[in-house]
Amino acid sequence: MAFTPISSLIGVNLNAASATQDFALGSVCTGSDGTIWQYVNAATAVSAFQVVAISTSGTMGKCSIADAVAGMQLAVAQAAFSGSQYGWVPIHGTGGPTTTLRAQYSAPTTQNVAVYIATSTGNLSTTASSATIVGVALQTATVTAALTAYAAIVSWPKCNFAGL
């Protein structure tokens with residue numbers, strides 16, 4: 001089901017990217033089921049459900065291990081973006097009765113295991129790397145297929161640095 005904005009911003013479409021910039025980069029919008037979204041500009045093409053890294057200038061791209069370790073703001077795109085398109089990515093929310101956030105995993109996995117940024121940039125993995133991701137959790141019991149999107153909780157995702 002589609003995500004619905006519930007903030008007072010006029011013209012928000014949380015479900016698709018656009019070639020036109022309609023809002024200031026970094027703007028935040030509250031969405032259905034307690035989700036919170038940030039307005040971004042895609043530096044490169046991003047597939048729906050991939051983890052993205054957002055720069056302080058508001059541009060985003062598929063998250064790499066280097067992006068995560070550098071401390072960039074992370075999100076999980078719910079729509080596909082072509083390079084240079086504008087749109088909204090969720091930075092917080094569990095989804096709810098009418099909407100479900102999704103994240104893409106690079107291999108089968110189960111709940112309650114550590115997740116990392118995969119070597120295939122933008123995907124989550126259970127293979128250890130230097131970029132342990134916190135704030136993204138699998139809602140379903142099992143991921144059964146690689147590169148498939150599964151229901152996820154997205155709560156202020158970031159890289160878990162040593163010592164934090």
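Strands are DSSP runs of type E with at least two residues, and helices are runs of type H or I with at least four residues, both numbered from the N terminus. The model is predicted, so local features need pLDDT of at least 70 and side-chain atom pairs count only at pLDDT 80 or more, whereas totals for chains, interfaces and linings use all residues. Residues are numbered from 1 along each chain as its sequence is written, and side-chain values use heavy atoms, with hydrogens and water left out.

Asn41 belongs to strand β2. Asn41 counts as buried because its relative accessibility is 13%, where buried means under 20% relative accessible area, exposed over 50%, and partly exposed in between (1.4 Å probe, protein chains only). Contact means heavy atoms within 4.5 Å. Not counting residues up to four places away in sequence, Asn41 touches Leu25, Gly58, Thr59, Met60, Ser84, Gln85 and Tyr86. A polar atom of the Asn41 side chain lies 3.0 Å from the backbone oxygen of Ser84.

A nonpolar core is a set of buried Ala, Val, Leu, Ile, Met, Phe, Trp, Tyr and Cys residues joined through side-chain atoms within 4.5 Å. The largest such core has 30 residues, of which Trp88, Ile117 and Leu124 touch the most other members. Strand β13 supplies the largest share of this core, four residues. Apart from this core lies another, of eleven residues, among them Val46, Ile54, Met60 and Val89.

Ala149 is located in strand β13, which spans residues 148-159. Leaving aside neighbours within four places in sequence, Ala149 is in contact with Phe49, Arg102, Ala103 and Gln104. Ala149 and Leu9 are 29 Å apart in space, C-alpha to C-alpha, and 140 residues apart in sequence.

Methods:
A polar contact is a pair of N or O atoms within 3.5 Å; within protein, one must be able to donate a hydrogen and the other to accept it, and residues adjacent in sequence count only if both atoms are side-chain atoms.
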